[in-house]
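Here is a short briefing to read alongside the model. Have the viewer open as you go through the points.

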Amino acid sequence: MVDGNFIASVDIGSSKIVVLLAELKNNRVEVFGYAQASSDGVRCGVVENAKKVAKVIEKIKEEIVENYGTDFQHVSVNISEPNLKVLNQSAYTHVPSGRVRDSELDTVFKIIESMAKTKMPDNHQTVNNIIHHYTLDANPEPVNQPLGKKADNLGVSIHTVSASNHHVEAVENSIYWSDLGLSSIVPNSMASSEPCLTQDEKDKGVCLVDIGSGVTDLSVFKQGGVFYSSSIQFGVEQVTQDISEAFNTSFQEAERLKIEYGQTQVKLGADTLIKFQQIDDSNYYYLSHESLIEVIRQSYLELFKMIRTKLNNQNLYRSLKSGLVLVGGGAKMTDCDKLMHSLYKKKVKVGRINTELISAKYEWLGPEYACALGLLLFGLDDSKSEQQSSGKNSFLGKMGFIKGFKFL
Ligand SMILES: Nc1ncnc2c1ncn2[C@@H]1O[C@H](COP(=O)(O)OP(=O)(O)OP(=O)(O)O)[C@@H](O)[C@H]1O
Ligand SMILES: [Mg+2]
């Protein structure tokens with residue numbers, strides 16, 4: 001969200017909480033501020049203790065203010081929720097004047113809102129409305145901006161994302177209790193996909209997988225828009241846990257082994273020995289690199305099988321003509337894309353940030369920051385909608401410009 005000229009995002013993760021500050025320059029988001037701290041109060045991506053999360057965010061905010069001399073107020077934040085729902089709905093209305101006006105847009109949005117209410121579970125609320133496209137009369141050609149265009153009938157196709165009330169409240173409280181304002185809440189994998197996927201991939205069918213520490217979030221896109229979002233409460237902290245159990249190490253030692261020596265496929269050549277320490281033991285021991293790789297491989301395979309089952313259950317697996325794109329800290333594991341490819345027989349790659357949309361220091365462009373970076377793009381949409389929809393309700397403004405942004 002823009003304060004003055006700034007846009008800010010908060011990525012609430014299971015292992016880290018990140019705040020990014022950026023400004024819009026020449027149609028590109030330029031990130032100039034970053035701070036991160038270890039997470040607290042979050043389990044498997046879900047905010048369990050909003051007070052603890054708020055405390056961490058407050059600390060990060062102070063650091064940003066001190067380091068960059070810049071205060072900020074409103075932020076876009078992610079939500080990771082096991083029961084997320086995406087509704088894909090269309091609505092139509094007659095255009096009496098022969099030219100589309102605000103009142104017809106209002107009408108189709110109201111129809112969408114009331115349809116969503118009847119379809120969403122009682123304990124759910126809308127967190128995001130994203131326009132897929134508009135149509136005019138019987139012409140199937142999608143239109144991005146219908147205002148003022150000649151037509152007798154207007155159609156709109158919208159993705160409504162809903163999440164359970166208590167998860168949304170926990171995220172809202174984390175932000176409000178850290179003395180910040182909220183501009184938008186965006187499902188984790190939808191935020192991560194924004195700077196990483198191309199429109200062509202979304203048209204052909206692609207799954208964005210954000211492999212985090214405590215949770216794996218995924219969003220499937222087809223026919224140009226988001227079709228399905230979900231999360232699996234299994235992240236790569238489990239890989240660390242498996243290493244620690246296999247070699248009887250502390251969690252910290254297992255994490256060190258994972259980061260320093262981790263890979264998911266054995267490479268040709270002689271095995272090597274790795275020095276390590278066991279729990280509550282000051283002696284040093286040696287383990288074979290291949291045995292470490294095998295533990296990591298099995299953990300990743302378990303996760304990949306869960307993802308595939310989820311996609312199969314939704315009948316989405318076959319629609320992924322552009323394959324899968326991996327982000328999140330878990331995607332940094334050497335050759336995890338190759339392992340997934342060998343299992344899925346589909347195109348798999350580690351996501352790269354589109355630097356035509358966002359520029360930042362190289363170290364802030366890693367896959368673990370895809371969500372925080374993507375949130376900035378949603379924050380940008382909100383700021384534009386607020387500036388340009390004065391007098392309109394935020395639902396209308398936000399929806400118009402979320403779609404508009406995609407054509408920057
Ligand atoms: N170079 C690396 N190789 C392998 N794993 C890595 C690497 N760097 C980070 N990780 C792992 O990535 C995980 C953290 O990922 P990430 O920062 O995306 O999680 P998060 O956003 O805090 O949590 P979540 O999204 O699950 O709520 C940790 O388990 C860490 O061990
Ligand atoms: Mg994350």
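Buried means under 20% relative accessible area, exposed over 50% and partly exposed in between, with a 1.4 Å probe and protein chains only. This is a predicted model, where local features need pLDDT of at least 70, side-chain atom pairs count only at pLDDT 80 or more, and totals for chains, interfaces and linings use all residues. Residues are numbered from 1 along each chain as its sequence is written, chains are lettered from A and ligands numbered from 1 in the order in which they are written, and side-chain values use heavy atoms, leaving out hydrogens and water.

**Aromatic pairs**

- Rings of Phe, Tyr and Trp (its six-membered ring) pair if their centres lie within 6.5 Å; planes under 30 degrees apart count as stacked, over 60 as edge-to-face and the rest as tilted.
- Nine aromatic pairs turn up in a search of the whole structure. In one of them, Tyr-300 and Phe-304 have ring centres 5.8 Å apart and planes at 75°, so they sit edge-to-face.
- Tyr-300 and Phe-304 are four residues apart in helix H8 (residues 289-313), so about one helical turn separates them; helices (H or I, at least four residues) and strands (E, at least two) are DSSP runs, numbered from the N terminus. Both Tyr-300 and Phe-304 are buried.
- Tyr-317 and Tyr-344 are also edge-to-face, because their ring centres are 5.7 Å apart and their planes are at 75°. This pair ties together parts that are 27 residues apart in sequence, since Tyr-317 lies in the loop between H8 and strand S17 (324-327) and Tyr-344 in helix H9 (residues 336-344).
- Tyr-317 is buried at 8% relative accessible area, and Tyr-344 is buried at 3%.
- Tyr-300, Phe-304, Tyr-317 and Tyr-344 form one aromatic cluster.

**Salt bridges**

- The structure holds 15 salt bridges, each defined as a side-chain nitrogen of Lys or Arg within 4 Å of a carboxyl oxygen of Asp or Glu.
- Lys-61 and Asp-71 form one of them, at 3.6 Å from N to O. Lys-61 lies in helix H1 and Asp-71 in the loop between H1 and strand S6 (74-79), so the pair ties together parts 10 residues apart in sequence.
- Lys-61 is buried, with 13% relative accessible area, whereas Asp-71 is partly exposed, with 48%.
- Glu-368 and Lys-332 form another, with the closest N and O atoms 2.9 Å apart. Glu-368 is buried, with a relative accessible area of 16%.
- Arg-43 and Glu-48 meet in a salt bridge of 3.3 Å, N to O, and both residues are exposed.
- Glu-23, Lys-25 and Glu-30 are linked in a network of salt bridges.
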